[in-house]
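Colleague: I am new to this one. Please take me through the terms as we go.

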Amino acid sequence: MRVGVVGATGLVGMEMVRLVRERIGLPASSFLAFASDASRGRTLDYGPEQVSLSVFDAGDVGGGDYLLGATGAEVAGVWVPAAVERGAVVIDNSSRFRMDEGVPLVVPEVNLATIPAGCRLIANPNCSTIQLVVVLAPLAKAFGIEWAAVSTYQSVSGAGSRALVELERQEAGLSDAPEEGWFHRNVLTSIGGLDGDLYCEEEVKLARETGRIIGAGFPVFPACARVPVAVGHLESVTVRFDEPVGREGVLGVLRNADGVSLSEDGAAPRSIQGTSEVFVGRVRQSPVDSRTVQMWITADNVRKGAALNAVQILESLLGRSD
Ligand SMILES: NC(=O)c1ccc[n+]([C@@H]2O[C@H](COP(=O)([O-])OP(=O)(O)OC[C@H]3O[C@@H](n4cnc5c(N)ncnc54)[C@H](OP(=O)(O)O)[C@@H]3O)[C@@H](O)[C@H]2O)c1
């Protein structure tokens, strides 16, 4: 069995490579790494060993029984169907297939069971969606949710390695980009282009993907912002339940929720880079509405919000007998 990471030189791809080695424990001889022509000739650390990067032309990534995709949506739209066609199983991180009927959109803690036997293409949700549904799904199952309002504070790594390098250049005073739209010293009040109703792309993804995964039919009111932080997405979440659940009801469910690290007394940790859990903190009962509870949710967007989700799915597929 051979496993490959496509887009292995990117932020998500590099984390996938680390996790495949650490968690799946594949020898280097069974591991493949793919990137664009820009990476031709490079090698990649695979634990103590080095693996060569294969440059793939958009049409064909070649070998690999299981491929983890960490390229943008446009590139994925070309190589993923070709890989599936030749018999590979693909777990793709891009937005390209997330809303396609027949492609399961999976967060392992929530809906692994939606992957049918023999499935060859599985989509990973957006980073802001993953950390949200890990928390909202068990709450929706326990109590029923009328609506959720979600304001995000998303780090620059969510926009990929080039954006992160640009943030560092701006911080060091080395950037020659026009200051308008800078990450540094700014909170940008939209992520991606705006639609006719002035919702940005990230907000539309968050609302639609949450609905597709939880399937609870409740509306999500999203507001997404980019903050000048390297790694980690923070979400302020206000949930109106169908009944007066209270802080204790929420804590009771989240204490036992898969993948959740709950801070009962205070805020979530300040530094979450390199962590694998979704952290929930400052759960508080609204003083003005008995059915409303507020909380902070935070996670490492590159690890839990992308690479780890895909590797968890891979682990579950490898453990299956179909
Ligand atoms: N960053 C996050 O927090 C996050 C979270 C959830 C989902 N995602 C999604 O995950 C995907 C990867 O994100 P990222 O942040 O890791 O991006 P990134 O750092 O920009 O990496 C992109 C990767 O794609 C490769 N690539 C680009 N153009 C290519 C081409 N024409 N042919 C082959 N390979 C090509 C790059 O290879 P070269 O280095 O050779 O150019 C690189 O390995 C995106 O779809 C993104 O939306 C990201």
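Modeller: A residue is called buried if 20 or more other C-beta atoms lie within 10 Å of its own, exposed if 12 or fewer do, and partly exposed in between, with C-beta atoms placed from the backbone. By that count, 43% of the 322 residues in the chain are buried. This is a predicted model, in which local features need pLDDT of at least 70 and side-chain atom pairs count only at pLDDT 80 or more, while totals for chains, interfaces and linings use all residues. Numbering of residues runs from 1 along each chain as its sequence is written.

Colleague: Why does R185 count as exposed?

Modeller: R185 has 9 C-beta neighbours inside 10 Å, so it counts as exposed. R185 sits in the loop between α5 and α6 (201-214). Helices (H or I, at least four residues) and strands (E, at least two) are DSSP runs, numbered from the N terminus.

Colleague: And why is R282 called partly exposed?

Modeller: R282 has 14 C-beta neighbours inside 10 Å, and therefore counts as partly exposed. R282 belongs to strand β12 (residues 278-285).

Colleague: What makes the phi of R185 worth a remark?

Modeller: Most residues other than glycine have a negative phi. R185 is not a glycine, yet its phi is positive, about 65 degrees. R282, also not a glycine, has a positive phi of about 45 degrees.

Colleague: How many helices and strands does the chain have, and why is it called as compact as a globular protein of that length?

Modeller: There are 8 helices and 13 strands. The radius of gyration of the chain is 20 Å, close to the 20 Å that the globule rule gives for 322 residues, so the chain is as compact as a globular protein of that length. That radius is taken over C-alpha atoms, and the rule is 2.2 Å times the number of residues to the power 0.38.

Colleague: Into which domains is the chain divided?

Modeller: Domain 1 covers 3-125 + 306-318 and domain 2 covers 128-301; such bounds come from an automatic or database domain assignment. The contact between them takes 14 residues from domain 1 and 18 residues from domain 2, where two residues are in contact if their C-beta atoms, placed from the backbone, lie within 7 Å.

Colleague: Which residues come nearest to the ligand?

Modeller: Of the 31 residues around the ligand, those are G7, G10, S94, G160 and S161. A residue is near a molecule if its C-beta atom, placed from the backbone, lies within 6 Å of it. Each of domain 1 and domain 2 gives at least three residues to this shell.
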